[in-house]
Amino acid sequence: MISSSSKIILEVRNLSASVAGVGILKGINLTVRAGEVHAIMGPNGSGKSTFSKVLAGHPSYTVTGGEVIFQGKNLLELPPEERAHAGVFLAFQYPIEIPGVSNSAFLRLAYNTLHTRRGGEDLDPLEFNDYIREKSKIVEMDPSFLDRNVNEGFSGGEKKRNEILQMAVLDPTLAILDETDSGLDIDALRIVASGVNRLMTPNNAVIMVTHYQRLLNYITPDFVHVMRGGQIIKTGGKELALELETRGYDWVHA
Amino acid sequence: MSSTLDALINRPYEYGFVTDIESDALPKGLNEDVIRLISKKKNEPDWLLEFRLAAYRHWLTLTPPEWANITHPKVDFQDMVYYSAPKPRKKLASMDEVDPELLRTFEKLGVPMSERKALANVAVDVIFDSVSVATTYKDKLAEVGVIFCSFSEAVKEHPELIKKYLGSVVPTADNFYAALNSAVFTDGSFCYIPKGCRCPMDLSTYFRINNGESGQFERTLIVAEEGSYVSYLEGCTAPRFDTNQLHAAVVELVAMDNAEIKYSTVQNWYAGDENGVGGIYNFVTKRGLCKGINSKISWTQVETGSAITWKYPSCVLIGDNSIGEFYSVALTNHHQQADTGTKMIHIGKNTRSRIVSKGISAGQSNNSYRGLVKVGANAADARNYSQCDSMLIGATCGANTFPYIEVHNSSAKVEHEASTSRIGEDQMFYFASRGIGAEEAVSMIINGFCKEVFNHLPMEFAVEATQLLGLKLEGSVG
């Protein structure tokens, strides 16, 4: 079990945000410590995905109040690329296709940019090839995917595996998985979940945004939060997810 | 995010300086006397003066073309200088005698005029306003029989070749700007590759407009004899003026049996400022004649500059089994307008053509692809494949595709594919969330988009083109 003395990675205090003038997040509070897995559940439109995008710095969302401290830094002051450099990673619900850019070139640029920032050395294409082939095994991805354009023509499952491969390359301190389980068949779900489990260490943490309890059979959460109306209205252990699965969301009240 | 993108796209044009050099220029205006004067200054033979005058008289009967998807104020052809040359213009014995101010200019532009410092294996002809100021590696090329010199010199040294081929691909009456060029052209490059010769180095011409009031009218003629091969590169820049300068060039290529000409352009004329003030009007006629069997002409162009581009490098495929290719990247930003594409005219049997056009529009610019594929009645088994892709950056630019296909032979196969994509906020955020900033993201997307064309550029040019697009587009996504 996680001791409450573990280092705090993320501290969200009373966070509000809007998109196109409409308030979506209405005062979120959340503390994430090293080594923890947090699941955020809730009905459609509760603000789960918005919360993950706001943490990653999506430009369409405006923060209207509160603060987010990530490892002692004011996360909200940083542009999205610097949040990534600082160790925040968002696995997209709908990964973006980038025509004309090969997956391996994209991953190498991401890797080299990050490692240069952290004072490391660039990998040349040959060195990177060895490195990425090894990493691909984490998500059981065929190396031929590395030569294809980023997410172009990938199936839903392939796109999600590609997200976890990017997570493996960027080695984040905080990984936010936005509905990573949606649209996955049972085999792909198992592969993706096992990839995430292999990347977990006592020093990093995961926030999983999900609709269904199913993913939690594979990645065991330390905390389950229920979101509704832009707030976290209930927090419990993994058993809360099972209860939600059988009883739905309607019985949960703030 | 859109503000960083704006900052990126609004990088200043780095070649906008003016060289302070004394020039010998004619007064503004155009009439037969001006043409006689140009011809006299260049000590031309009578037949060439007659060629000019005939073109001029025909030009007077023509009106500027208005079918292109571009708009601009009427060009006042009397308010323009038709001849401007750096002084003094004595015959240069070696590169050391080139005016040091000119050398510095081209040094700044990154053009190797000194053979000692030259880039790996590229011979350069340098055109400054109206005249050629230097050609490198002439002697080395002469050893294998390759003639590479300024057009003026070719008229004197190789009149029989010029007489035979000048106007043979683009007749003086071809179009308004070709007629104007034929009347007033001042210099350019001439290349002749003898039978069976694989030209040992890339040949290159670098064009620089310096005079704010002069038009540039150069003429390029390349003849590749049977079984020969040449790769030719063309680069161009101009200072930043708040008036528009006219560039109306004519390029003619002739490929005999089994000959191949590869012609690459990186066009970086001044494009005008972010409000659309100033910049070059680039109205150019480029055409290649695949005269011989199995001949091949390949155009590769990267068009990034000019306020207006009106340009359709074409191939006339006469020889059986001849091949024409057109690979193009046209980028427009701010208020730039481009109407560019190609014509592939299939006349011989079993002729093939391939068109790959990539248009990138940003700012308030407008970018059109216009292409004609024509298969004549005797062009049995002709094949064409065309691919036209457009990329839009931001919401205020436009892209159009105007393909014209005329087929008069039922055995022909013509394919056309087109696509449009947009670099949007979501793509940029995806890159950013992986730690990749806007500048690198745009450059990666654009290079990916243009890869198929860049692969056809010679190495040094490919690197230059990649950097150029990066510079021009930084910050333009939002």
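The stops run from the interface of the two chains into each chain in turn.

**Conventions**

This is a predicted model, in which local features need pLDDT of at least 70 and side-chain atom pairs count only at pLDDT 80 or more, while totals for chains, interfaces and linings use all residues. Residues are numbered from 1 along each chain as its sequence is written, chains are lettered from A and ligands numbered from 1 in the order in which they are written, and side-chain values use heavy atoms, with hydrogens and water left out.

**Stop 1: the interface of chains A and B**

Display both chains and select the residues of each that touch the other. Here 32 residues of chain A are in contact with 18 residues of chain B, contact being heavy atoms within 4.5 Å. The buried area between the chains is about 2100 Å², and carbon and sulfur atoms give 69% of that area; buried area is the accessible area (1.4 Å probe) lost by two parts on being put together, summed over both.

Next, select Arg434(B) and Glu163(A). Their side chains form a salt bridge, with N to O at 2.6 Å.

Now colour the elements of chain A that give two or more residues to the side touching chain B: α1 (48-56), α2 (80-86), β6 (88-91), β7 (98-102), α3 (103-117) and α6 (156-170). Helices (H or I, at least four residues) and strands (E, at least two) are DSSP runs, numbered from the N terminus. The most is given by α3(A), with five residues. By class, this side of chain A has 20 nonpolar, eight polar and four charged residues. Ala, Val, Leu, Ile, Met, Phe, Trp, Tyr, Cys and Pro count as nonpolar, Asp, Glu, Lys and Arg as charged, and the others, Gly among them, as polar.

**Stop 2: helix α1 of chain A**

Select α1(A). Eight of its nine residues are buried, so the helix is largely enclosed by the rest of the structure. Buried means under 20% relative accessible area, exposed over 50%, and partly exposed in between (1.4 Å probe, protein chains only). Among the buried residues are Phe51(A), Val54(A) and Leu55(A).

Centre on Ala56(A), which lies in this helix and is buried at a relative accessible area of 4%. Which residues does Ala56(A) touch, not counting those up to four places away in sequence? They are Pro80(A), Arg83(A), Leu90(A) and, from the other chain, Phe429(B). Just after the helix, Gly57(A) takes a positive phi of about 95°.

**Stop 3: an open sheet in chain A**

Select the four strands in the order β2-β1-β4-β5 of chain A, which form an open sheet with antiparallel pairing. At the edges stand β2 (22-33) and β5 (73-74), each with a single partner strand, so one side of each is left without a neighbour in the sheet. Strand β4 (residues 61-70) pairs with β5(A) over two bridges; two strands pair if DSSP finds at least two bridges between them. One bridge to show joins Ile69(A) to Asn74(A) in β5(A).

**Stop 4: strands and loops of chain B**

Chain B has 11 helices and 23 strands, and 63% of its 478 residues are buried. Select β20 (residues 366-375): eight of its 10 residues are buried, so this strand is largely enclosed by the rest of the structure. It pairs in the parallel sense with β18(B) over 10 bridges, and with β22 (residues 398-407) over 10 bridges, also parallel. Show Ala338(B) opposite Asn367(B), then Ser368(B) opposite Asn400(B).

Most residues other than glycine have a negative phi. Select Asn321(B), with a positive phi of about 65°, in the loop between β16 (314-317) and β17 (323-332). Finish at Asn350(B), with a positive phi of about 55°, in the loop between β18 (337-346) and β19 (352-361); at 27% relative accessibility, Asn350(B) is partly exposed.

Conventions:
Salt bridge = Lys/Arg side-chain N within 4 Å of Asp/Glu carboxyl O.
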